[in-house]
Amino acid sequence: MFVAALFCEVRGLEPEGKYFLVRFIQRFGIEEPVSLGVKALAKQFGLSDRQVTKSLKELVECGVMTVSSTPEGRGRPKRYYGLQKDFHKKLDKASEQPTMQHAATVASLLKHEIKKAVQASEKPKKQNVDLAPLADLRRKIQPGQLSIVNRLLLSVLLCRADCFGVVSDLGSSALRKITGLGQESLRYRVRGLIDQGLIRAYVPGATSTVLSAKMKSTYFLNLNHPELSVEGSATSVLICAMGDYPSESVPHAHQIYSDVVNLKLDPTAFVDGRYKQRLRFFESQSPSFFGLLQVMLEKYAADMLSRHWSDLGLSASNKWAHVQGWKELIRKDFQFPTLLASVGGDHLKKIAEDQHAAVIDDLHYRAYVLATQIKKLLCQATEVSFDAMDFVIMPQPMARGYCCITLLARHRDSDGWRGCLFVEPDTKPQGFSCETDIPIEYRYRYSLLTRPGSEGTVA
């Protein structure tokens with residue numbers, strides 16, 4: 001039921017109060033009132049007395065909790081804290097969430113008091129009195145420590161994450177309502193989780209005249225982070241290096257962007273009329289859109305690898321047969337240019353139909369080539385059964401092109417291969433036992449992590 005509390009919107013409740021509510025339900029359930037003082041509750045959850053007092057006051061004012069007193073002898077009346085009956089209905093409604101894949105991780109992550117106790121037990125028994133305050137300060141600001149608000153935010157994201165840690169169906173507006181965070185505060189918190197390596201990458205959502213629906217923000221959580229994985233190998237890592245310069249053999253959305261810019265500068269720049277049609281489809285889009293376009297192409301390619309590994313790269317006569325269905329999937333994402341079709345009769349309608357078909361063909365081709373090139377490189381690791389794996393491609397800065405492609409992978413068999421591989425053309429693959437064995441600079445370079453303080457990550 002504590003997961004339902006996570007997703008239950010309570011207007012006027014601050015994030016710290018939301019965290020307290022979730023932990024209260026996680027620890028005591030929802031049925032019976034609890035008779036514990038502020039200090040006892042603070043100790044239970046690893047919070048300060050002030051945080052507990054403030055949270056209880058907010059929860060009572062918001063109509064979530066009740067507080068009652070029962071006299072006992074000469075001392076102070078005994079206080080009982082419980083949930084309002086009306087709030088039970090909200091919890092029932094919020095409990096109608098999809099089955100989550102990281103329930104145990106979420107349950108552990110929320111237990112701030114356990115992490116706090118472990119950190120306290122690791123303190124040196126003897127300290128120089130003069131240095132103790134400085135040492136305490138450093139310990140408080142270590143990047144590996146998570147605040148209760150960040151634990152709350154990360155727990156909500158984990159509840160909606162897939163097996164790779166990718167969250168793609170939770171908009172920023174909904175996330176703010178669930179956590180109680182404001183817009184700027186949410187940006188700051190996401191930035192902090194990126195800097196701590198708990199979020200690998202973030203792709204802002206967007207609306208566009210060429211998309212059939214609004215694209216929600218996408219979060220790539222790092223399931224291999226010590227806070228989220230004891231073993232540190234929840235997902236395998238595959239790095240396909242292509243050389244020091246972006247590979248021209250793998251089409252990238254940056255190429256579309258560059259050609260659109262060139263076409264605006266010189267309408268006679270391209271001889272191929274059909275290619276011009278494809279570029280015209282995207283000419284009104286902002287530069288940031290093309291980064292999102294590349295993420296979409298990478299998703300199509302990763303799904304092709306996951307579902308059609310053995311068929312990719314077949315002879316020209318039948319190589320398209322097994323992936324024709326992808327055109328329909330892509331077509332659903334990109335809307336038909338109805339404005340052009342509606343203003344000029346059958347002639348312009350035919351132009352619009354040809355343009356739309358050409359765009360879908362081109363995007364389909366780009367995703368297919370990306371998938372086949374990845375397969376070609378990975379097949380150098382002959383001892384790994386990639387045909388029994390699912391994949392996700394990590395996003396990278398659009399302007400970089402493809403010097404390398406980094407994938408997260410999971411074997412469908414829980415006992416299947418797990419590890420990290422670095423693959424480059426005509427070279428024996430290099431293996432790592434776990435992700436932390438990869439030098440940190442390589443993890444930044446190959447988009448496994450976003451470098452702290454880098455610009456343009458959070459919109």
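**Close-ups of a predicted model**

**View 1. E32, out in a loop.** E32 counts as exposed because its relative accessibility is 60% (exposed is over 50%, buried under 20%, partly exposed in between, with a 1.4 Å probe and protein chains only). You'll find E32 in the loop between α2 (15-28) and α3 (38-45); helices here are DSSP runs of H or I, at least four residues, numbered from the N terminus. E32 and Y81 sit 49 residues apart in sequence, with 8.8 Å between their C-alpha atoms.

This is a predicted model, so local features need pLDDT of at least 70 and side-chain atom pairs pLDDT 80 or more, while totals for chains, interfaces and linings use all residues. Numbering starts from 1 along each chain as its sequence is written, and side-chain values use heavy atoms, with hydrogens and water left out.

**View 2. The largest nonpolar core.** This core has 74 residues, and F282, F334, F386 and F391 touch the most other members (a core joins buried Ala, Val, Leu, Ile, Met, Phe, Trp, Tyr and Cys through side-chain atoms within 4.5 Å). Helix α14 (residues 287-308) gives the most, twelve residues. Beyond four places in sequence, F386 is in contact (heavy atoms within 4.5 Å) with L238, W309, L378, A381, F391 and L421.

**View 3. α14 against α15.** Helix α15 (residues 325-333) packs on α14 at about 155°, axes 12 Å apart; axes are lines fitted to C-alpha atoms over the stretch in contact, and angles run from 0 to 180 degrees between N-to-C directions. The pair is therefore roughly antiparallel (over 145 degrees). M296, Y300, D303, M304, R307 and H308 in α14 meet W326, I330 and D333 in α15.

Key: Helix = DSSP H or I, 4+ residues; strand = E, 2+ residues; numbered from the N terminus. Parallel < 35°, antiparallel > 145°, perpendicular 65-115°, else oblique.
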